[in-house]
Structures are given as structure tokens and as C-alpha cells.
Amino acid sequence: MSCLTARTGRQRQRYEGHLRLVSGCIPYKFEKSVGGCNRSMEKELLVLMISSPSRDDLVFPKGGWEDDETMSEAARREAWEEAGVKGVLGETPLGDWEFRSKSKQNSCSQQGGCRGFMFAMEVTEELDSWPEQANYGRKWLTKEEAFRVCRYDWMREALKKFVTALSESRENDTIKELEVPLRPISEIEHQMPPQGCFGSHPSIQQLAARKSMQQMQMHCTGLRKSHV
């Protein structure tokens, strides 16, 4: 991939029965933005889509999976050729979808049938020049914008699956951060500071600390149960 030349032709194209095999990806990144009532900095998900001449709708980079490359290599190549980006590709595809090529949309024959595999790709590099730059423009969009302008229903389904998987992954990471080892109250009390002039009666600070720890333990237990 050192020279800016895209692959052409279908001599090495893979097929499964009458279906042409296609591989592509949803390039994404996180961009800091100001949001919320307190105007705090948040990370906003953006996805990269490409445009073609005389069309207002957009698509994700994808193309034929050839017999001298793996499925993931084909997805990376298409992202580079059509969108001019490189990045970290997901280990497994988001799924596969059957559709008809744009030239055979209205045909009743088996010709033009495709099976497309889509990955998620976190973008680490945006190139200034890429092989199909003359044919495709690229644009970063929010997920809401992407749903609205996406050309194909099957790509919209792939985007929905990606957003759902990403949300679940980030939620699980948050749960792991919140989890703390549950400790007996007696152990917590044993580590509290010595009592002051009130003799055997616990101080206001001790009572507050005890209540706070109990609430934390109940919260973590509830989170664990909700994700079993």
C-alpha cells in the first residue's frame, strides 16, 4: 500500500455460491465536546462516511474481498482506498448482510447478489491523499446524522449494531471501575479513628462514614445483580 493505486477488476474476487463477498468497515473516533447542564467536556462518537458524485446520501467504505487477503485485510484496504484512513480494526465483524449491488437493484436474476461483512475501525490516521480521492469525499458525522443520510438499509443496521455494542462495552467498563471489594461493617468500624470525648457513643463523623459505606456497598451489589 505504499503507492496510491486502488485495486481494480474482479479476477481475484471471492464468491460464495452466486454471492459476491464484500468486506468493509465503520470508521470511528471520539471527539471532545462541551455538553450537559454543567457544560463539562464529554467524548462524542463520530463516524466517517464517504460520498460519491451526484449523490447526496453517504455510505461506509466497502468493496470486494479478494482471494489473496483475509476478510480484515480487505476491510482495511477499502478504508484506505476509498476513505484515506487507517486504524485499529475490530477482531470480529459486526455481522454479515445480504444485498444486491447498485447496478442490479431492480433485477430479478441471481446476478448482483452480495454478502457484506462489516467491521468497526477506530481511526488512528487520516491521510491527506488516498487512491480514490477523486471519486469519494469523506465526512465525519454524529451517529444521528449518519442514520439519517445512510444510503442503504443494511448499512444502517450495521451502524445500529455497532452503536449498541459500543454502548454495552463502555457500560461494562464503568461497572468494573465502580466495583469495590465488599467488606464487613465490623472491619470498617475497626479501622475508624479512636472515639473522642463522647465515650462509647460513635461520633457524627463515624455515623456518616458508616452510612456512606453501607450505601456504596448496596449500590455496587445492585449493579452486579443487574448485569448477571
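Colleague: Are Arg 77 and Glu 69 buried or exposed?

Modeller: This is a predicted model, in which local features need pLDDT of at least 70 and side-chain atom pairs count only at pLDDT 80 or more, while totals for chains, interfaces and linings use all residues. Residues are numbered from 1 along each chain as its sequence is written, and side-chain values use heavy atoms, with hydrogens and water left out. Relative accessible area under 20% is called buried, over 50% exposed and in between partly exposed (1.4 Å probe, protein chains only). By that rule, Arg 77 and Glu 69 are both buried.

Colleague: How far apart are the closest N and O atoms of Arg 77 and Glu 69?

Modeller: A salt bridge requires a side-chain nitrogen of Lys or Arg within 4 Å of a carboxyl oxygen of Asp or Glu. Arg 77 and Glu 69 form such a bridge, their closest N and O atoms lying apart by 2.6 Å.

Colleague: How many disulfides does the count give?

Modeller: A disulfide is a pair of cysteine sulfur atoms within 2.5 Å. Cys 25 is buried at 0% relative accessible area, and Cys 114 is buried at 2%. The count of disulfides comes to 0.
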